[in-house]
Amino acid sequence: MAAVIDNDIARPAPRTERGPAVPQEQGAEPGHRPGSLAFQAVGKTYTSAAGSLQALQGINLDIPAGAIYGIIGRSGAGKSSLIRTINRLEKPTDGRVLIDGQDIGGYDEDALVALRRRIGMIFQHFNLLSAKTVWGNVALPLIVAGLPRRQIEERVAEVLALVGLEDKRNVYPSRLSGGQKQRVGIARALVHHPEILLCDEATSALDPETTLSILQLLKDINRRLNLTIVLITHEMSVIREICDHVVVLEQGRMVESGPVWRVFGNPQHAATRALLQPLHRDLPEDIAHRLRPQSDPARKEDAIIALSYTGEDGLEPDIAAIAAAIGAPMRLLQSALDRIDGHVHGQLLIAARRFEIHQPSQLDGLAHDTRILGYVDSDV
Ligand SMILES: Nc1ncnc2c1ncn2[C@@H]1O[C@H](COP(=O)(O)OP(=O)(O)O)[C@@H](O)[C@H]1O
Ligand SMILES: [Mg+2]
């Protein structure tokens with residue numbers, strides 16, 4: 001696997017700013033790069049003998065061409081239903097889906113076949129044919145499309161090189177690792193030079209290391225091929241790794257949407273906070289254990305101070321300014337900061353000797369929120 005991960009395709013290129021680079025094609029109208037998507041008041045109700053279930057309601061969302069959009073939500077939130085309206089594996093019961101400004105609602109079968117060639121899709125369980133080799137799996141959409149053999153050979157070789165699987169062309173899926181299977185899935189999704197790639201929990205069956213290598217490959221493909229990627233996941237770590245923008249779905253509704261740094265730095269909805277919980281660090285247990293809510297002047301004690309950063313306004317922890325404002329011996333107990341697109345968010349936990357609770361204004365402007373969590377007996 002190491003050799004596969006370590007080819008130059010999977011290696012991340014330096015990137016100063018997230019978000020789509022927008023190289024205009026010669027003569028292309030500005031803002032009209034292919035691969036943009038719009039949902040307008042999209043709703044989906046499943047009706048069966050058992051009754052009806054409203055899986056999506058009032059979804060309004062614009063996804064610019066070349067972006068990497070993440071859609072996150074708990075199981076059953078409607079993620080798959082939403083993503084499948086893009087290639088019309090599901091037909092919305094309300095509203096419209098526009099691709100490059102065109103309403104796909106009225107497309108007939110021929111138009112849908114053509115549309116689906118512009119939209120690749122990869123899945124959690126790879127959906128490979130076990131009786132066909134890697135080459136056979138990747139070539140299949142081209143064979144179905146009736147391309148001449150020579151063109152098929154050329155294109156399959158290209159996409160297998162792109163995903164780092166040139167040496168696996170004659171291997172059957174059962175002999176591949178999960179990561180290699182997903183690379184085959186990606187190669188197959190790319191054979192028709194799509195404008196949009198849909199990823200439905202594409203890394204959910206993979207271990208963390210393989211997940212990272214697949215996400216790096218997707219990021220690289222997005223940059224090289226200027227492909228719009230719409231990715232659904234239930235893991236915030238996947239969003240953090242690859243997406244420009246995140247949309248949170250809860251019970252079929254969009255409850256939050258924004259640049260990843262903003263949503264991570266200052267989540268507004270309870271569902272978002274619950275999804276972010278696995279990335280958060282709690283108060284260290286040894287501190288939590290000893291914490292007293294009130295100061296006791298008779299004791300030699302430290303105030304435990306939490307300074308929080310949301311990523312807004314370019315505010316970053318200025319350690320010297322914090323130390324000067326506290327004006328007493330202090331120690332950094334824990335730092336749980338992250339930096340996304342140049343925005344720092346997270347929390348610093350500080351122990352400060354003799355810090356007086358009636359002076360919290362001393363720290364004004366040094367963090368987005370400052371709280372004295374309590375007091376512990378000083379052990380230094
Ligand atoms: N074909 C279907 N028929 C009936 N109900 C469905 C169908 N597909 C999905 N659902 C229901 O719609 C809701 C959303 O499902 P889904 O879009 O698969 O969510 P997610 O991908 O976020 O887990 C769930 O309650 C699910 O049971
Ligand atoms: Mg799903």
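Analyst: The second largest pocket has a volume of about 550 Å³. It is lined by 22 residues, and Arg116, Ile119, Pro141, Arg188 and His192 are the closest to its centre. This is a predicted model. Four elements each give the lining of the second largest pocket at least two residues: the helices α3 (109-117), α4 (134-144) and α6 (178-190), and the strand β6 (119-123). By class, that lining holds 13 nonpolar, 6 polar and 3 charged residues.

Now the largest pocket. Its volume is about 730 Å³. The lining counts 27 residues; His280, Ala336, His345, Gly346 and Gln347 lie nearest the centre. β13 supplies the largest share, 5 residues. Other elements with at least two lining residues each include α8 (236-242), α10 (270-276) and β12 (330-340). Domain 1 (37-278) and domain 2 (285-377) each contribute at least three residues to this lining. The classes split into 10 nonpolar, 11 polar and 6 charged.

Last, the ligand site. The residues around ligand 1 include Tyr46, Leu53, Arg74, Lys79 and Ser81. Backbone contacts come next. A polar backbone atom of Gly76 sits 2.7 Å from an oxygen atom of ligand 1. For Gly78, the corresponding backbone distance to a ligand 1 oxygen is 3.0 Å. For a backbone N or O atom of Ser80, the distance to an oxygen of ligand 1 is 2.9 Å. Ligand 1 taken alone exposes 560 Å², and the protein buries 59% of that. Both β2 (51-63) and α2 (79-84) give two or more residues to the shell. The largest share, 3 residues, is from α2. By class, the shell has 4 nonpolar, 5 polar and 2 charged residues.

Key
Residues are numbered from 1 along each chain as its sequence is written. Chains are lettered from A and ligands numbered from 1 in the order in which they are written. This is a predicted model: local features need pLDDT of at least 70, side-chain atom pairs count only at pLDDT 80 or more; totals for chains, interfaces and linings use all residues. Side-chain values use heavy atoms; hydrogens and water are left out. A residue is near a molecule or strand if one of its heavy atoms lies within 4 Å of it. A polar contact is a pair of N or O atoms within 3.5 Å; within protein, one must be able to donate a hydrogen and the other to accept it, and residues adjacent in sequence count only if both atoms are side-chain atoms. Accessible areas come from the Shrake-Rupley method with a 1.4 Å probe; for residues, only the protein chains shown count as cover. Ala, Val, Leu, Ile, Met, Phe, Trp, Tyr, Cys and Pro count as nonpolar, Asp, Glu, Lys and Arg as charged, and the others, Gly among them, as polar. On a 1 Å grid over the protein atoms alone, a cavity is a set of points where a 1.4 Å probe fits but cannot get out, and a pocket is an open set with protein on both sides within 12 Å along at least five of seven lines; lining residues have an atom within 4 Å of a point. Grid points are joined across faces, edges and corners, and a volume is the space filled by probe spheres set on the points. Domain bounds come from an automatic or database domain assignment.
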